[in-house]
Amino acid sequence: MAHLLFKDVNKVYPNGYHAVHDFNMEIKDGEFICLVGDSGCGKSTTLRMIAGLEEITSGEFYIDGELANQMSSRERGIAMVFQSYALYPHLTVYENLGFGLTLEGIDADVIDEKVKQTAKILGLTEYLERFPRNLSGGQCQRVAVGRALIRKVNIFLMDEPLSNLDAKQRVTMRSEIKQIHRSVGATTIYVTHDQTEAMTMSDRIVVMKSGGYVQQIGTPYELYFHPRNLFVAGFIGEPPMNFIKSVVSGGKIKAGELELDLTPVVKDVKALEGKEVVFAFRPEAIKVQTPAKGKEGGYELDSVVDLTELLGDMTNVYANVGNVNVILKVNPHHTPEMGAHFKFFVPYSAAYVFDCETELAVESDLKRH
Ligand code: ADP
């Protein structure tokens with residue numbers, strides 16, 4: 001296992017493009033970290049700097065307290081799994097798994113034992129004599145993971161390892177990778193643009209935005225319930241949070257015919273007077289029962305249903321509240337009719353306010369749950 005520390009790490013490519021800005025983070029021994037963000041936000045660049053495949057332009061990167069900026073990939077004790085499995089097509093699964101060890105000149109007996117042990121962990125025992133062309137995408141990915149696993153490493157790096165798989169295989173591999181991590185315990189950094197993957201697999205997530213700026217680092221729970229800014233609020237959650245933009249006047253916002261008093265939600269409503277804010281709530285946070293009074297209460301809203309989408313476990317409702325469009329998630333057994341009036345509540349504890357100028361969440365005393 002390994003402890004990693006990044007101090008103001010920056011990457012500027014030779015063409016002058018500044019791909020990662022002031023990356024600061026401490027990663028504990030054995031943590032599973034996801035770097036998540038849209039394509040081009042600097043995730044792979046960060047991963048490649050950890051791997052020693054890309055030079056760090058400025059800042060310091062430490063592995064177990066030792067400055068690692070100049071260390072070779074080999075010295076860092078890493079294994080990496082790429083999106084393209086990069087298997088050798090002319091070698092069997094057995095040979096693919098053992099290839100790295102053979103190169104290191106390890107005894108055939110030892111290799112045999114390790115290959116069989118790794119194949120067992122990954123459920124590949126019966127495929128050892130097959131060639132990659134005769135494997136499914138999921139099996140190829142398992143071989144790629146196995147090839148990295150077989151070497152005793154302290155840091156496991158994965159770059160979008162599941163993106164070539166179909167949706168069902170992705171879900172299976174997600175839990176397999178988690179289980180492998182649990183049993184192997186290596187510090188793992190996993191790059192993905194898929195927020196569900198990040199939410200389900202990580203101990204902590206790093207949300208990055210284009211230009212290579214870290215937006216928030218936190219547990220999946222923290223990011224979901226305490227997004228630091230508008231970007232994270234909009235990025236985490238599917239369908240995304242409802243955003244209603246408006247200027248605060250008399251402690252209230254007005255959008256369309258909607259008028260909402262911000263007093264129960266923010267700590268210092270006076271400080272927001274005259275400012276443009278975004279009022280936000282998650283589609284799944286709404287309630288259909290009358291809210292309690294006081295701080296436990298909520299906004300009572302009346303909408304007209306434009307469209308419904310039955311997903312099975314729930315229904316997405318596209319509705320109009322006083323000329324503001326919102327998406328709501330409701331119990332499929334209580335799906336409202338299209339065109340019908342639909343009354344719902346946004347609990348105060350599920351309402352967020354963001355300052356449009358800073359894009360930061362406005363402080364609130366509410367307990368989020
Ligand atoms: P991500 O993994 O988040 O999709 P990358 O780290 O691959 O993003 O790339 C971040 C940005 O750096 C992108 O805009 C990309 O075009 C740019 N970039 C990547 N590699 C190079 C390079 N060798 N030279 C110049 N720019 C690069």
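This is a predicted model: local features need pLDDT of at least 70, side-chain atom pairs count only at pLDDT 80 or more; totals for chains, interfaces and linings use all residues.
Trainee: Why is Ile27 called buried?

Mentor: Compare its value with the cut-off. Buried means under 20% relative accessible area. Ile27 has 2% relative accessibility, so Ile27 counts as buried. You will find Ile27 in strand S2, which covers residues 18–27.

Trainee: What is Ile27 in contact with, leaving aside its neighbours within four places in sequence?

Mentor: Its partners are Ala2, His3, Leu4, Phe6, Ile33, Thr187, Ile189 and Arg204. Contact here means heavy atoms within 4.5 Å. Over the whole chain, residues 24 or more positions apart account for 66% of the contacts with a separation of 6 or more.

Trainee: What makes Thr125 partly exposed?

Mentor: Partly exposed is the range between the buried cut-off of 20% and the exposed cut-off of 50%. Thr125 has 48% relative accessibility, and therefore counts as partly exposed. Thr125 lies in the loop between helix H4 (108–121) and helix H5 (137–149). Leaving aside neighbours within four places in sequence, Thr125 is in contact with Ala119 and Lys120. Val20, by contrast, is 105 residues from Thr125 in sequence and 41 Å from it in space, C-alpha to C-alpha.

Trainee: And Asn323, how do you know whether it is buried or exposed?

Mentor: Exposed means over 50%. Asn323 is at 56% relative accessibility, so Asn323 counts as exposed. Asn323 sits in the loop between strand S16 (315–321) and strand S17 (324–330). Its phi is near 70°, a positive value in a residue other than glycine.

Trainee: Which class does Asp64 belong to, and why?

Mentor: Asp64 has a relative accessible area of 46%, so Asp64 is partly exposed. It takes its place in the loop between strand S4 (58–63) and strand S5 (66–67). Asp64 also has a positive phi, near 50°, and is a residue other than glycine.

Trainee: What makes helix H1 mostly covered?

Mentor: Seven of the nine residues of H1 (residues 43–51) are buried. These are Lys43, Thr45, Thr46, Leu47, Met49, Ile50 and Ala51. After H1 comes Gly52, with a positive phi near 85°.

Trainee: Why is Gly237 called buried, although it is found in a loop?

Mentor: The label rests on accessibility. Gly237 has 8% relative accessibility, so Gly237 counts as buried. The loop in question runs between helix H9 (230–235) and strand S11 (242–249). Not counting residues up to four places away in sequence, Gly237 touches Gln195 and Arg282.

Trainee: Which peptide bond is cis?

Mentor: Look at the bond from Glu238 to Pro239: it is cis, with omega near -5°. Pro239 is placed in the loop between H9 and S11.

Trainee: How is the protein chain divided into domains?

Mentor: Domain 1 is 4–230 and domain 2 is 241–355. Their centres, taken over C-alpha atoms, are separated by 39 Å.

Trainee: How do you know that domain 1 and domain 2 are in contact?

Mentor: Six residues of domain 1 are in contact with seven residues of domain 2. The area buried between domain 1 and domain 2 is about 580 Å², and carbon and sulfur atoms give 61% of that. Tyr224, Pro227 and Leu230 supply 83% of the area that domain 1 buries against domain 2, more than any other three residues.

Trainee: What about charge: how many positive and negative side chains does the protein chain have?

Mentor: There are 38 positive and 48 negative side chains, and the centres of the two sets lie 2 Å apart.

Key: Residues are numbered from 1 along each chain as its sequence is written. Side-chain values use heavy atoms; hydrogens and water are left out. Lys and Arg count as positive and Asp and Glu as negative; His and the chain ends are not counted. The place of a charge is taken as NZ of Lys, CZ of Arg, CG of Asp or CD of Glu. Domain bounds come from an automatic or database domain assignment. Buried area is the accessible area (1.4 Å probe) that two parts lose on being put together, summed over both. Buried means under 20% relative accessible area, exposed over 50%, partly exposed in between (1.4 Å probe, protein chains only). Helices (H or I, at least four residues) and strands (E, at least two) are DSSP runs, numbered from the N terminus.
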